Amino acid sequence: MPRELKPTPPTPISLQECIARLDREGFDPRDDASLLHAADVLAALAANRTFLGDLLIEELTEQPAERTAYGPQAIMLSPPANGYFLRANIWPSPRDPAFQAGGAASFVYGLPHDHNFDFLTVGYVGPGYVSDYYEYDYETVAGEAGEAVDLRFVERSALSEGRVLHYRAHRDVHCQHPPESLSVSLNICAANPAQGWFDQYRFDVEAGRIAGVLNPSANEVMLRLGVALENDDALALARDFAGSHPSAAMRRVASSLVG
């Protein structure tokens with residue numbers, strides 16, 4: 001399951017100070033010192049109980065709201081830079097109008113998945129979403145839909161206020177369930193241009209199998225389109241990619257197009 005971190009007891013800081021502190025050190029989740037520094041900074045931001053509400057009111061009253069991304073629940077707090085970006089995630093309960101209007105799938109509830117990037121998360125408001133946590137070995141799978149995977153169940157727990165977790169890319173799998181009441185989490189997400197070449201999977205945890213790939217790249221879509229249009233150059237490129245492309249995901253897609 002995600003690694004639980006124990007930050008230094010925080011003194012509240014502003015969003016601007018949070019960004020400044022992260023910019024000075026960067027965010028490298030492979031380095032424990034960087035990871036623990038980021039956890040301290042994130043916990044200090046979460047200790048500021050008013051910054052997010054103030055930010056939302058400012059967005060709604062003083063300028064066009066441009067921060068929403070990643071669907072209906074994510075608010076971008078900083079753009080990708082220096083190896084990271086910040087976001088806030090809204091987690092409605094089944095009693096909330098947003099859940100009733102959009103349904104569970106709109107908020108990724110009930111969808112077991114991994115991530116192709118590391119991130120830190122902290123419970124900011126509310127009891128927090130509940131997750132069933134699993135682990136697996138990314139290097140042992142080819143990524144084919146229906147492929148058997150050794151998913152190891154670890155526990156079910158909630159992201160309570162102040163709890164800081166490190167989700168590890170290609171290792172931690174979770175299936176999220178709605179919180180008992182509206183909740184908010186804050187994230188520091190690693191931003192690496194290469195991560196788009198690595199698959200993110202959804203899983204059938206009952207069968208212990210990969211159910212599909214969640215993040216097909218734009219390059220994969222363009223290659224599929226070119227081949228579907230019977231473009232000779234696209235077909236030649238697919239043959240080349242099938243044998244030599246450095247991305248396993250692209251090799252798999254190209255191989256499926258050339259037979």
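Student: Which ring does the charged end of R49 sit over?

Tutor: The ring of Y124, with the charged end of R49 4.6 Å from its centre. The criterion is that NZ of Lys or CZ of Arg lies within 6 Å of the ring centre and within 35 degrees of the ring normal. R87 is placed over the ring of F119, and its charged end is 5.9 Å from that centre. Please keep in mind that this is a predicted model, where local features need pLDDT of at least 70, side-chain atom pairs count only at pLDDT 80 or more, and totals for chains, interfaces and linings use all residues. Residues are numbered from 1 along each chain as its sequence is written, and side-chain values use heavy atoms, with hydrogens and water left out.

Student: How many aromatic pairs does a search of the whole structure find?

Tutor: The general idea is that a ring pair is described by the distance of the centres and the angle of the planes. Here, rings of Phe, Tyr and Trp (its six-membered ring) pair if their centres lie within 6.5 Å; planes under 30 degrees apart are stacked, over 60 edge-to-face, and the rest tilted. The search gives 13 aromatic pairs. Y201 and F203 have ring centres 6.1 Å apart and planes at 80°, so this pair is edge-to-face. Ring pairs also link W91, F99, F107, Y109 and Y129 into a cluster.

Student: Are Y201 and F203 buried or exposed?

Tutor: Both Y201 and F203 are buried, where buried means under 20% relative accessible area, exposed over 50%, and partly exposed in between (1.4 Å probe, protein chains only).

Student: In what order do the three strands of the open sheet stand?

Tutor: In general, strands of a sheet pair through backbone hydrogen bonds, either parallel or antiparallel. This sheet has the order 7-6-9 with antiparallel pairing. Strand 7 (152-158) and strand 9 (172-177) are at the edges with a single partner strand each, so one side of each has no neighbour in the sheet. Strands are DSSP runs (E, at least two residues), numbered from the N terminus, and two strands pair if DSSP finds at least two bridges between them. Strand 6 (residues 130-135) is joined to strand 9 by six bridges, and E135 stands opposite D172 in strand 9.

Methods:
Helix = DSSP H or I, 4+ residues; strand = E, 2+ residues; numbered from the N terminus.
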